[in-house]
Amino acid sequence: MTAQALAQVLASGLLMGLIYALIAVGLSLIFGLMDVVNFAHGEFLMLAMYATFGLVVLTHLDPIVLMPVVVALLFVLGGCAYLGVVRFAMRAKANQGMVQIFATFGLAILLQGAAQYAFGTDYRNVPGSWLGGRTLDAGGVFLPWPQIFGAVVSLAAFGGLHLLMSRTDFGRALEATREDQGAVALVGIDRNRVFALGWGLGAALVGLAGAVLAVFYYIHPQVGASFALIAYVTVALGGFGSVGGALVAGIVVGLVEAFTAVILPPAMKSVGVYALYLAVVFVRPQGLFGRL
Amino acid sequence: MTSTTLAAVPAASPEAGFAARRRRKLLVAAVVFAAIAALPYGITDVYLQNVLILTLMYAALSQSWNILGGYCGQISLGHALYFGIGAYATSVLFVNYGIVAWGGMLVGGVLSALVALALGWPCFRLAGHYFSIATIVIAEIGLLLVHNWDFVGGAMGIQWPFNPDSWWTLQFARDKVPYVHFALGLFAVVWFVTYLIEDSRWGYWWRAVKDDAQAAESLGVEVFRSKMAAAAVSAFFTAIGGGFYAAYVSYIDPESVMSFRFSLLFALPAVLGGIGTLWGALVGAAILIPLTEISRSYLGGTGSGIDLMLYGVLVMAIALARPEGILSLFRRTRSARNQEATP
């Protein structure tokens, strides 16, 4: 492998890894807040991609301009998912783990069906972004602009999330609720409201990822499923609930995937990621940065 | 029955009542199985017979999942791997070597149990979601490997040759009734194994592991060995189900036997009916499978997604409305009745 080819694989892996991190961080945030794994996370991503597609077709604006709208829509969707479904799943007195899995899994199927009903099963592409199809030639290393843009958005989102968590009252309420759900009620924090906002925030983050992804990836009712598994692996690899862990794990996943694609047939590029996940949790059962 | 701590081990004195209860369970099972065996003679519509076969098959598979997930509390979302091993072992042995499905299913079952033991050794150190995600990931690796393994047909899959109807090759081109009886037999066997385990030492150990593994360990339960045993039994029967499915549909490819949705489909009926119960898987399958099959053929033909929406709402509604499963409805009425009887 030449130095140039190596740089190409490294750079592509890094860019995709940052996007994986952005897809996964919402899942990790929600888990850290309330110990719930959202099995509809991939479908949130899928809906964000369709929302981008639908808005572009309706308004003829550039998808990048429409990003805030998609993020806002997903924020509402996340809040509604908590208030309409997850809130009730958390009240279950028996088999809580199973109830959460299947309540959110049922939601995932419902959303898939809804997308199929609204948009059909054709593969779609978002038309006409000025980023689409452009590549950056950095000394023989070719990088698609949509992915560079996605990686920058991801880094900005992580920075913003860090500020939000450390500097604002909402962030502190989130952290306090994560530490002790019972005690926060005593100091006047409405647990339900924090959870609903947390779900909104988690969904908004994956909405951002969907809006970025829609510019360069095909859209299909089942597209979420293929990213969801990578997101679960990323979150578990970084440690459930750890935001920084999601960032590091996302980058690792992107790099490992890029290098696996060099060694194995492209269809098997995920094998390296899965093997890495197993290797890490067999040695460190709580993931890289997780708390047991 | 609901209390599953070690203290629930029956004392010597009520042994007679205990044995009578056990006999009554067997009697109920015999009646239920006889009634189901007679069903295909009343329902002669081929489409409905197909729904009945799938219902019984998923009931058997879900009961197999229930052994590990419901009784031992290890939530596997990767049982499609064992289903696939069974389907592929049976198909390869029959198509390439002429070994009939009976032998192939047995080989697949033993192979699956061995794989489950090999995978359980590292996986059972993981807790909660880390365990569940590891099972998904391992099954997905299996799917990718089979996809790229030409010896077992790769992405093309394996087509079974057509043979005259016979129980020996387990192939019936015209008649679906034998398949109904085989699927019923499979469920009956898994039911009976669960029945035997439920009140054995293993059964009490498994439920203790499910309730609180640390407490169980401190009381002398061999937690790790319990999980391994449950995984092996569960994988064995899941693979037999896979072998049956391959014989029934006569064509398999990686996606049609090993995709993630199968792993969920094995867990779902038991969860809906009531996990860790003898009849939950059958009750759950009897509601879920006909509903999905019928809504798929009447609403899904256009690809409009309405059938998916209906299915999703159903799964959510049952999970939220009855966390303990549908069977608990009946149990609650009985215990309420008992409460009324005692002043």
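Trainee: Over residues 49–68 of chain B, how much of the chain is helix and how much is strand?

Mentor: In this predicted model, residues 49–68 of chain B are 100% helix and 0% strand. Residues 80–99 of chain B are 90% helix and 0% strand, with 23 Å between their end C-alpha atoms.

Trainee: For "transmembrane region", which residues of chain B does UniProt list?

Mentor: The unreviewed UniProt entry lists residues 26–43, 49–68, 80–99, 105–124, 179–197, 228–252, 264–289 and 309–330 of chain B under that name. Such annotations may be inferred rather than shown by experiment.

Trainee: Which residues of chain A does UniProt list for "transmembrane region"?

Mentor: The unreviewed entry gives several spans for chain A, among them 67–89 and 101–119. Residues 67–89 of chain A are 100% helix and 0% strand, and their end C-alpha atoms lie 31 Å apart. Residues 101–119 of chain A are also 100% helix and 0% strand, with 27 Å between the end C-alpha atoms.

Trainee: How is a pair of packed helices described?

Mentor: By the angle between their axes and the distance between the axes.

Trainee: What makes α4(A) and α13(B) roughly parallel or roughly antiparallel to each other?

Mentor: Start with the angle: the axes of helix α4 (residues 96–119) of chain A and α13(B) cross at roughly 160° and come within 7 Å. Angles over 145 degrees count as roughly antiparallel, and α4(A) and α13(B) are therefore roughly antiparallel to each other. Their crossing is left-handed. The contact of α4(A) with α13(B) has 18 nonpolar, five polar and no charged residues.

Trainee: Which residues of α1(A) and α5(A) make the contact?

Mentor: From α1(A) they include A:Leu15, A:Leu18, A:Ile19 and A:Leu22. Those from α5(A) include A:Gln147, A:Gly150, A:Ser154 and A:Leu155. Leu and Ile count as nonpolar, and Gly is among the polar ones. By class, the contact of α1(A) with α5(A) has twelve nonpolar, three polar and no charged residues.

Trainee: Is the crossing of α3(A) and α8(A) left-handed or right-handed?

Mentor: The crossing of α3(A) and α8(A) is right-handed. Helix α3 (residues 63–89) and helix α8 (residues 191–213) of chain A have axes that cross at roughly 145° and come within 6 Å. Their contact divides into 20 nonpolar, seven polar and one charged residue.

Trainee: How many residues does the contact take from chain B and from chain A?

Mentor: Chain B gives 35 residues and chain A gives 40 residues. On chain B's side, α5 (128–147), α11 (260–273) and α13 (306–321) each supply at least two residues. The residues of chain B's side divide into 25 nonpolar, seven polar and three charged.

Trainee: What pLDDT do chain A and chain B average?

Mentor: Chain A averages 88, with 99% of its residues scoring at least 70. Among the elements of chain A, helix α2 (residues 41–59) has the highest mean pLDDT (94) and helix α7 (residues 181–186) the lowest (75). Chain B averages 85, with 91% of its residues at 70 or above. Residues 1–6 of chain B fall below 50, and this stretch has eight contacts beyond near neighbours in sequence. For the complex, the predictor gives an ipTM of 0.85 and a pTM of 0.87.

How values were computed:
Residues are numbered from 1 along each chain as its sequence is written. Chains are lettered from A and ligands numbered from 1 in the order in which they are written. This is a predicted model: local features need pLDDT of at least 70, side-chain atom pairs count only at pLDDT 80 or more; totals for chains, interfaces and linings use all residues. Two residues are in contact if their C-beta atoms, placed from the backbone, lie within 7 Å. Helices (H or I, at least four residues) and strands (E, at least two) are DSSP runs, numbered from the N terminus. Axes are lines fitted to C-alpha atoms, for helices over the stretch in contact, and angles run from 0 to 180 degrees between N-to-C directions. Angles under 35 degrees count as roughly parallel, over 145 as roughly antiparallel, 65 to 115 as roughly perpendicular and the rest as oblique. A crossing is left-handed if the near helix is turned anticlockwise from the far one by less than a right angle, and right-handed if clockwise. pLDDT is the predictor's confidence in each residue, from 0 to 100.
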